[in-house]
Amino acid sequence: MIRLKKIISVLFLTLSVFISQAFAEAGVLGQHKGYTLEKVVILSRHNIRSPLSSKDSLLGKVTKNEWFEWTSKPGELSTKGAELETLMGLYFKKYLESEGFMEENYVPKNGEFLFYANSMQRTVATAKYFSSGMLPVANVKVEYHLPLGNMDHPFMPGINFVSEKYKKQVLDEIDRIGGFKGLEKEYAENLAVLRKVIDYESSALAKKGEDIFNVPTDILIPSDTGEADLTGTLRAANTVADALVLQYYEEDNLTKAAFNHHDVTYEDFEKIGALTDLFLTVVFGTPSLSLNEAHSSLLEIQAELLNNDRRFTFLCGHDSTIMSTISALQVKDYALPDAITKVTPIGVKFVIEKWKKNGKTYTTAALVYQSVNQLRNREFLTLNNPPKVYYLDFEGISRNKDGFFEPGVLENHIKSRLKAYDDLKAQSAD
């Protein structure tokens, strides 16, 4: 009997640990009994867009196959992307109503809610469709501060300062993860899958003897201000992989999405998606780069968290905006489940929430995104069929047993990372 009790006790402990880990890795918004939701700040990536390159540029030269016929111009939100973002907004409507954060068909008071997007069609449109789903009768105005087609500073992960000393520090950090030669070797299988799916050997470039996937990778760090970028193999791989992943979500016929390769699997598309994850991780996740690039977005988030008149904020940018921001916050390694790209999938939202309990304010930080099937099948999102939610952990701070950061912990962490930017800038002076 004693032995049986011990076994039951061990099983119960194991189950409790499993449930705790499952909540940490893929939670559900709204499972915070005893806490009252008071504030929401969202940094969102736009939803499905057409590829940034047109079929007449690189994409048309790397394959003899016909790409998906997009409903929008290069780089603009697609019709399906608009539908999916509206569905996400509708989910947040139901979620926020269920938490008592707002009434049904709520119309915010002046300054209470903010929708602010980068001055690009895909980001402004994403914010508009999200707001129409979440606040269908409020006639929300989406702010953008520059002429359409220009990158607004809070959303552009650009370099704010540079020096030869700083460049060396960035290269040293890349070397510590294997350097470009090491990364190309590590991702050789992913590159092979990409080549196979697009039939690169039959492409116009290959017939001319060019191999864009066999050019040494290097990093371009601007001499003044601007965005860092890669050249060579990993840059080309990112451009083509990005288009293939978008085609996978947009094309209903999976065989057609793989250019009529019947043997291409979901796992193959994950390997292709990993190439875009790699690009983002290097260019916007390298520690010294991300801290430099995310300074403006962190300031914007900090200001919104401290704004006592604001209850809800929706900032719409790009995968690079989110990647640099959470990397600057020293996010712990993660791989999002049920996603082709595992770090910043299409339409993903970095959500910070403030919750009140017993007079104290706690915070949560999570990535919220539509699963592969929810994206492909345009699934309605409900409280019973919610989007995926992944709660984040950061170096140097931890969550309590309820999954919350204790009062002031996350806010102080953001403040410390802004100071780390100042320190890096001072240390990098030649």
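Okay, let's start with the lining of the largest cavity: by class, 5 nonpolar, 5 polar and 1 charged residues. Here Ala, Val, Leu, Ile, Met, Phe, Trp, Tyr, Cys and Pro count as nonpolar, Asp, Glu, Lys and Arg as charged, and the others, Gly among them, as polar.

Keep in mind that this is a predicted model, where local features need pLDDT of at least 70 and side-chain atom pairs pLDDT 80 or more, while totals for chains, interfaces and linings use all residues. Numbering runs from 1 along each chain as its sequence is written, and side-chain values use heavy atoms, with hydrogens and water left out.

Back to the cavity, meaning a set of points on a 1 Å grid over the protein atoms alone where a 1.4 Å probe fits but cannot get out; lining residues have an atom within 4 Å of a point. The whole-structure search finds 1 cavity of 30 Å³ or more, and the volume of the largest is about 30 Å³, that is, the space filled by probe spheres set on the points, which are joined across faces, edges and corners. Its lining includes His153, Phe155, Glu293 and Thr321. Helix 13 (295-306) and helix 14 (319-328) each supply at least two lining residues; helices are DSSP runs of H or I, at least four residues, and strands are E, at least two, numbered from the N terminus.

Now, strand 5. Why is strand 5 (residues 312-317) largely enclosed? Because 6 of its 6 residues are buried, meaning under 20% relative accessible area with a 1.4 Å probe, protein chains only. Phe312, Phe314 and Cys316 cover one side, and Thr313, Leu315 and Gly317 the other. Strand 5 pairs in the parallel sense with strand 1 (residues 36-45) over 6 bridges and with strand 2 (residues 113-117) over 5 bridges, pairing needing at least two DSSP bridges.

Definitions and conventions:
Buried means under 20% relative accessible area, exposed over 50%, partly exposed in between (1.4 Å probe, protein chains only). On a 1 Å grid over the protein atoms alone, a cavity is a set of points where a 1.4 Å probe fits but cannot get out, and a pocket is an open set with protein on both sides within 12 Å along at least five of seven lines; lining residues have an atom within 4 Å of a point.
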